[in-house]
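Thanks, everyone, for making the time. I would like to walk you through one structure, beginning with the whole chain and ending with a single residue.

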Amino acid sequence: YVRLYGGHTADEFIGRSTLETVAPSEHSRIREYIRYRQAGLPVPTVYETRGIRVDGTEFDVEFRISTYFLGDQLYTVISASDISERKRAREAERKASNILQALVQASPLPILTIDINGNVTLWNSAAEKTFGWTEAEVLGKPIPYIPEEKLDEHREMRAFDLKGMGFTGLQVRRRRKDGSPIDLSVSTAPLRD
């Protein structure tokens, strides 16, 4: 036999309740899902829960559920995938993102990111203090500290970055929210994906 879901064989699944394939802590959620589905209410066709293996250990599982009619009989097809590794990777990515966010926000240097269209997607607290604009004022908009007469210079810098070549220590003159000039040493790094 080929071992399938949770170490069970295909024959071991025949006649078993869906509840026997999920962790006891998930039984009430599964019952509710089944009740909604039987009542014809909209329910997700992809469902994440905790499965239970032959040895009783739990694991993260994703069910993909579809239904079809054969004659006038309704059938439900459920495919299951062990997503434990994917969830671990997502959690590690979330933790890394939180650490990076904390470092960016704690930096004494202004840090910002812009998207491919030149709109601000991140503006740390040091940028707020240095330039005077709050994060709420700049998110989703072009960088505000570039004076009109420096727009061509900025476009050239962006074109350079968009080719995948960052730069370090470029000396530029920009302006604060109150209009006063500020001399900066700018470093960039293109981010992909």
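I will start with the overall fold and then turn to one leucine.

Please keep in mind that what you see is a predicted model.

As for the overall dimensions, the C-alpha trace spans about 75 × 35 × 30 Å along its principal axes. The radius of gyration is 27 Å, whereas a compact globule of 193 residues would have one near 16 Å. Of those 193 residues, 27% count as buried, and the accessible surface of the chain comes to about 13100 Å², with 55% of that belonging to carbon and sulfur atoms.

On charge, the chain carries 27 positive and 28 negative side chains, and the centres of these two sets lie 2 Å apart. Among contacts with a separation of 6 or more, 32% are between residues 24 or more positions apart.

Is leucine 184 buried or exposed? Its relative accessible area is 14%, and because the cut-off for buried is under 20%, leucine 184 counts as buried.

Which residues does leucine 184 touch, once its neighbours within four places in sequence are left aside? The contacts are Phe131, Leu170, Gln171, Val172 and Arg174. Taking leucine 170 from that list, it is 14 residues away from leucine 184 in sequence, and their C-alpha atoms are 7.9 Å apart in space.

Note on methods
Residues are numbered from 1 along each chain as its sequence is written. This is a predicted model: local features need pLDDT of at least 70, side-chain atom pairs count only at pLDDT 80 or more; totals for chains, interfaces and linings use all residues. Side-chain values use heavy atoms; hydrogens and water are left out. The radius of gyration is taken over C-alpha atoms; the globule rule is 2.2 Å times the number of residues to the power 0.38. Buried means under 20% relative accessible area, exposed over 50%, partly exposed in between (1.4 Å probe, protein chains only). Contact means heavy atoms within 4.5 Å. Accessible areas come from the Shrake-Rupley method with a 1.4 Å probe; for residues, only the protein chains shown count as cover. Lys and Arg count as positive and Asp and Glu as negative; His and the chain ends are not counted. The place of a charge is taken as NZ of Lys, CZ of Arg, CG of Asp or CD of Glu.
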